[in-house]
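User: I would like to learn how to read a few features of a protein structure. Please show it to me and take the features in turn.

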Amino acid sequence: MENALTVRQLNFYVKSLLEGDARLVSCCVRGEISNFKRHISSGHLYFTLGDGVSSIKCVMFKGNVLRCTTQLNDGAMVNCYGRVSLYERDGTYQLYVESITPDGLGDKLLALQKLKEKLLKEGLFEEANKRPLVKFPKRIAVVTSGTGAALQDIINVISRRFPVCEVVVCSAGVQGEGAAGEMIAVLERIYNIADCFDTVIIGRGGGSTEDLSAFNDEALARKIYASPIPVISAVGHQTDISVCDLVADLRAPTPSAAAELAVPEYTELLQRVQNISKRTEILLKQKYEIADTYLKALLTKSFISNPLRLVEDREIALDNCFNKIADKTIRNFENNSNRLKNVISVIDALSPLKVMLRGYSVALIDGKAVKSVSQINVNDNLKLNLTDGSVDCVVTKK
């Protein structure tokens, strides 16, 4: 009893054993998915992986889900790469999945995933590098099979929506060995005369993963990224996203959708022009009516029949302004003159000369005023300043 473990201690110990086993830290488990569930708020995936005899619970966190390109659903056979550990709260061990590949295509899909991660790190998928499409294109280059239904869909949509736009067909293989090289060669010829085009549409109709493999070619992806004009990727598949979709300036789910994104709707534009024309006509009519009313009001003014009256009114106003300025200038001068006289009177009243006129004098020794008898000695020479002159004196007694 003294050595009894708590449930938490037991689960923690078992978890440490699982995570300490090198074979379980990084392993690949093959099986069929069931009970598949995507958590709405967190974005994590929860499912069960089984082989008909046994099963194991699996969890894939959102960060790894965002990098996963495999279509997941109940019944899918997959290879799950991850680690085995124990969820301490419930005491159940499960597989923490980091990546998933379909069974049988694991190597190819893994290589594709690595390629996407490589291009992502290089910045080829950055939204900041994607260019906006030309709103009213004059000529569009379409890189696809010359015999496929995708080409006809694009031509039909553009002809219906924006017939003034010219479609230039640049035929190339879109499936099988050498297809990527053909599309690269066609793109190079387009880039050499890039000034002749406003947009490039590259793609094909739907197909299997193998059929669409050419659009996961690294060299083709880099050629699309280096395009001097906007590129729409129109690979006809909804579930998987190809490398070309990620590097293109815009991705369309189908060739028809690409055509709709590439050009505006002609009838809508025509309707907009007509609406603008009507609004302009209404605004001009309103401005004309306002101007006409104003003109008629002016014609009723007296100065129209006698223009000199307008000049006379302005002369009177000018005289009034001049008189106001003159009156204010005179008042300011008089006020300043009175203030100056008051200041002079105050200064004059404080002048020492006023005191000396009453019989007082100022005694100086060596040019300094004598303020006390202690400053004077017998036989000192004094100078007495009076109002009308000065007297030199000798002190005989103190």
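User: How close do the axes of helix 6 and helix 7 come, and at what angle do they cross?

Analyst: Two packed helices are described by the angle between their axes and the distance between the axes. Here the axes of helix 6 and helix 7 (residues 218–225) come within 9 Å and cross at roughly 15°. Helix 6 and helix 7 are therefore roughly parallel to each other (angles under 35 degrees count as roughly parallel). Residues making the contact include Met 183 and Leu 187 of helix 6 and Leu 220 and Ile 224 of helix 7. Contact means heavy atoms within 4.5 Å. Axes are lines fitted to C-alpha atoms, for helices over the stretch in contact, with angles from 0 to 180 degrees between N-to-C directions. Helices (H or I, at least four residues) and strands (E, at least two) are DSSP runs, numbered from the N terminus.

User: What should I know about the model and its numbering?

Analyst: The model is predicted: local features need pLDDT of at least 70, side-chain atom pairs count only at pLDDT 80 or more, and totals for chains, interfaces and linings use all residues. Residues are numbered from 1 along each chain as its sequence is written, and side-chain values use heavy atoms, with hydrogens and water left out.

User: What is the strand order in the open sheet?

Analyst: Strands of a sheet pair through backbone hydrogen bonds, either parallel or antiparallel. This open sheet has five strands in the order 7-6-8-9-10, with parallel pairing. Strand 7 (166–171) and strand 10 (250–251) are at the edges with a single partner strand each, so one side of each has no neighbour in the sheet. Two strands pair if DSSP finds at least two bridges between them; strand 9 (residues 231–235) and strand 10 are joined by two bridges.

User: Is Ser 233 buried or exposed?

Analyst: Ser 233, found in strand 9, counts as buried at 0% relative accessibility. Buried means under 20% relative accessible area, exposed over 50%, partly exposed in between (1.4 Å probe, protein chains only).

User: What is the phi of Asp 366?

Analyst: Most residues other than glycine have a negative phi. Asp 366 has a positive phi, near 55°, and is not a glycine. Asp 366 lies in the loop between strand 11 (362–365) and strand 12 (368–369) and is exposed, with a relative accessible area of 76%. Asn 379, also not a glycine, has a positive phi of about 75°. Asn 379 is in the loop between strand 12 and strand 13 (381–386).

Technical notes: Parallel < 35°, antiparallel > 145°, perpendicular 65-115°, else oblique.
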